[in-house]
Amino acid sequence: FTILALLSGHAAAFFFSKPPPPPPEPIIPTFETELGVQEPLGFIDPLNLLEDADQERFDRLRYVELKHGRISMLAVLGHIVTSA
């Protein structure tokens, strides 16, 4: 009788346990509210560079884009000055 009581006690410990809660879904940032997003197109990423990116990667790519834009504006200005 004692063995049966011990076995049923161990079995009940596993039988009535709660299932673990589901893991929280990861928060994927959307960049729809960033500066430069305009209607009617909204946020555009045609090369999917920001598909799984976080805010830090977005800020880095934006910084590099601004830097390259400024360099190209200076290059055009240099071309205009030297060819005039």
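These legends describe close-up views of aromatic ring pairs in a predicted model.

**View 1. The cluster of Phe31, Phe43 and Phe58.** Ring pairs join Phe31, Phe43 and Phe58 into a cluster. The count of aromatic pairs in the model is three.

**View 2. The stacked pair of Phe31 and Phe58.** The ring centres of Phe31 and Phe58 lie 4.4 Å apart and the planes meet at 10°, so the pair is stacked; planes under 30 degrees apart count as such. This pair links distant parts of the chain, with Phe31 in the loop between helix 1 (2–15) and helix 2 (55–83) and Phe58 in helix 2, 27 residues apart. Phe31 has 3% relative accessibility and therefore counts as buried. Phe58 also counts as buried, because its relative accessibility is 6%; the cut-off for buried is under 20%.

**View 3. The tilted pair of Phe43 and Phe58.** For Phe43 and Phe58 the ring centres are 6.3 Å apart and the planes stand at 55°, so this pair is tilted. An angle over 60 degrees would count as edge-to-face. The pair of Phe43 and Phe58 links distant parts of the chain: Phe43 belongs to the loop between helix 1 and helix 2, Phe58 to helix 2, and 15 residues separate them.

**View 4. Accessibility of Phe43.** Phe43 counts as partly exposed because its relative accessibility is 26%, whereas Phe58, its partner in the tilted pair, is buried at 6%.

Conventions
Residues are numbered from 1 along each chain as its sequence is written. This is a predicted model: local features need pLDDT of at least 70, side-chain atom pairs count only at pLDDT 80 or more; totals for chains, interfaces and linings use all residues. Side-chain values use heavy atoms; hydrogens and water are left out. Rings of Phe, Tyr and Trp (its six-membered ring) pair if their centres lie within 6.5 Å; planes under 30 degrees apart count as stacked, over 60 as edge-to-face and the rest as tilted. Helices (H or I, at least four residues) and strands (E, at least two) are DSSP runs, numbered from the N terminus. Buried means under 20% relative accessible area, exposed over 50%, partly exposed in between (1.4 Å probe, protein chains only).
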